[in-house]
Each structure stands twice: as C-alpha cells, then as structure tokens.
Amino acid sequence: FFDQRAFVLWPQCKPAGSGSRTRCAYPRIDLQFARIDRARERFRRLMPQRSDTLPRVIAFPKGDIAYNDCLYAAAAREGMNVADGTWAGRWLFDNVRRGDIVHIHWPSFLYYDPKSSRKKLRNLARFFLRYAVMRLRGGRVVWTAHNLYPHDGGRGEWVHRLVRRFISGDAKAIIAHSPSARKVLMSEFNIPSRKIFEVLHGNWIGYHPHTIARSEARQALGIP
C-alpha cells in the first residue's frame, strides 16, 4: 500500500540536506519517521503486491478537498498510481481489478441523505450493493478515519453506526491521525490494534495562497 511518507511529504517539505532525511514544517515530524517505516512494512506484509509495481489506489474522492489534493499529489511524486473513483455499480464493475486499494475517506458521502428517510434507506441499500461489487471485483478497502462519525447526524444516526461498524470490520487497514484517535476508534468499533495505522495530519503551508502581510492581516481583523 502507500509508502506512508506520502502522508507527511506535502509540498512544504524540503530535503534538509545531502544524505539527510526530509524535514517538514509539521512540529517534530522527524520523530515519526521510525514509526512510519515500521507501519510501511506492516502494510506490505498485510497487502502483498502482485508484482514489482505498487498496487493501484482508487480514491473516494481523489480531489477537490485540500487534504486529498495534498495527499495524492505527494503519492504521485512517490510513483504511485492513483485513480479518481466513481461510486457507481457499472464503474466499479468495469474498473476495479483484483489487488486494487480502494481508499475511502468519508463513507457517508457515498450514501447519506439527511433530507429524506426514504432516500436514506434507498442510498444505504445501493451503498452495500456497490460495495459488494467492488469487493467481488477484488478491491481491498483502506479507510482514513477523519472523524469518528459524520458531522451531519453524528452518532445518533443508526445508518452511520451501521456503516462505520461494517467498514471497520471489512477494511484491510484503518488510518488514524493521532494516538488518541486510534484509541477512540478501537474502543468505539472494537477494532484490533494491528489494523490501525497512525499517520499524522499534514499542514497547509504552501497550499493556500499567502498574499497578505502580517500587518495588513492584523489591521483587517481589527487586531492592535
């Protein structure tokens, strides 16, 4: 699966010097490299490759979200093949191949409709059907747990509890952004420790435009 350095080697990260490790603006990021190296080896054992090439990653979604833009740009620089997935039965049947990594970020994007109970049930049934097609075609799921439950509905929505428990059980691996998030996931969904990999959340330095001086920003915000 991913060389996990892709999760921290965002555009703001530059080589510290000849023969040295890459250093990032993220606080104390170098302390995470040993953990990342160990996690990468665990991924490789968990998901053996079909050949000498890295498995293809199908992202849901690939872009239009800052985190995903940065993540997959870094992954591409590491030589990974990342495709933008379409959550539709025909697309999944035609495009998913055995050994592909199906990387899901926010599962609720694939089924949830807060406006209609009827649509909610219909979308949930479609979600499980499409998920089954993807798995039968040989896709292997990795879930990045950006939050414990979606902002819309939260834990009170039974559909969220159902889907998250289902994905937690079926996914080959789950990514958490901190040790505390890992513990919460393990407790909430009864996930074994070996299944969760900690990958720090990168920062946005170099991603968002920086076109205003500090003094101008303070004046615009009314800060003395």
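**Entry 1: a loop with a proline**

I started at Pro61, which sits in the loop between β3 (57–60) and α2 (66–77). My labels for helices (H or I, at least four residues) and strands (E, at least two) are DSSP runs, numbered from the N terminus. I noted that a cis peptide bond joins Phe60 and Pro61, with omega at about -5°.

Before going on, I reminded myself that this is a predicted model, in which local features need pLDDT of at least 70 and side-chain atom pairs count only at pLDDT 80 or more, while totals for chains, interfaces and linings use all residues. I also wrote down that residues are numbered from 1 along each chain as its sequence is written, and that side-chain values use heavy atoms, with hydrogens and water left out.

**Entry 2: positive phi values**

The loop between β3 and α2 also holds Asp64. Its phi is near 70°, a positive value in a residue other than glycine. Is Asp64 buried or exposed? I found that Asp64 counts as exposed because its relative accessibility is 80%.

I then looked at Asn190, in the loop between α6 (179–189) and β8 (196–198). Asn190 is not a glycine either, and its phi is positive, near 55°. With 67% relative accessibility, Asn190 counts as exposed.

**Entry 3: salt bridges**

Side chains of opposite charge can pair when their charged atoms come close. How many salt bridges does the structure hold? I noted six, where a salt bridge is a side-chain nitrogen of Lys or Arg within 4 Å of a carboxyl oxygen of Asp or Glu.

I took Asp94 and Arg90 to begin with, whose side chains meet in a salt bridge at 3.7 Å, N to O. These two are four residues apart in helix α3 (residues 89–95), so about one helical turn separates them. Asp94 is partly exposed, with a relative accessible area of 46%, whereas Arg90 is exposed, at 61%.

My next pair was Arg135 and Asp170, with a salt bridge of 3.0 Å, N to O. Arg135 belongs to helix α4 (residues 117–136) and Asp170 to helix α5, so this pair ties together parts that are 35 residues apart in sequence. Arg135 is partly exposed, with a relative accessible area of 30%, and Asp170 is partly exposed too, at 24%.

Then I turned to Arg182, which forms a salt bridge with Glu198; their closest N and O atoms are 3.6 Å apart. Since Arg182 lies in helix α6 and Glu198 in strand β8, the pair ties together parts that are 16 residues apart in sequence. I checked their cover as well: Arg182 and Glu198 are both buried.

**Entry 4: a lysine in helix α4**

Going back to helix α4, I looked up Lys120, which lies there. Lys120 counts as buried because its relative accessibility is 12%. Val159 is 39 residues away from Lys120 along the chain, and 8.4 Å separates their C-alpha atoms.

**Entry 5: the largest pocket**

Rolling a probe the size of a water molecule over the atoms shows where empty space is left. What is the volume of the largest pocket? I wrote down about 200 Å³. Its lining includes Trp106, Phe109, Tyr112, His146, Asp152 and Arg164. By type, the lining residues divide into five nonpolar, five polar and two charged. For the terms, I noted that on a 1 Å grid over the protein atoms alone, a pocket is an open set of points where a 1.4 Å probe fits, with protein on both sides within 12 Å along at least five of seven lines, and that lining residues have an atom within 4 Å of a point. A volume is the space filled by probe spheres set on the points. Asp, Glu, Lys and Arg count as charged, Ala, Val, Leu, Ile, Met, Phe, Trp, Tyr, Cys and Pro as nonpolar, and the others as polar.

Terms used
Buried < 20%, exposed > 50% of the residue type's maximum accessible area, 1.4 Å probe, protein only.
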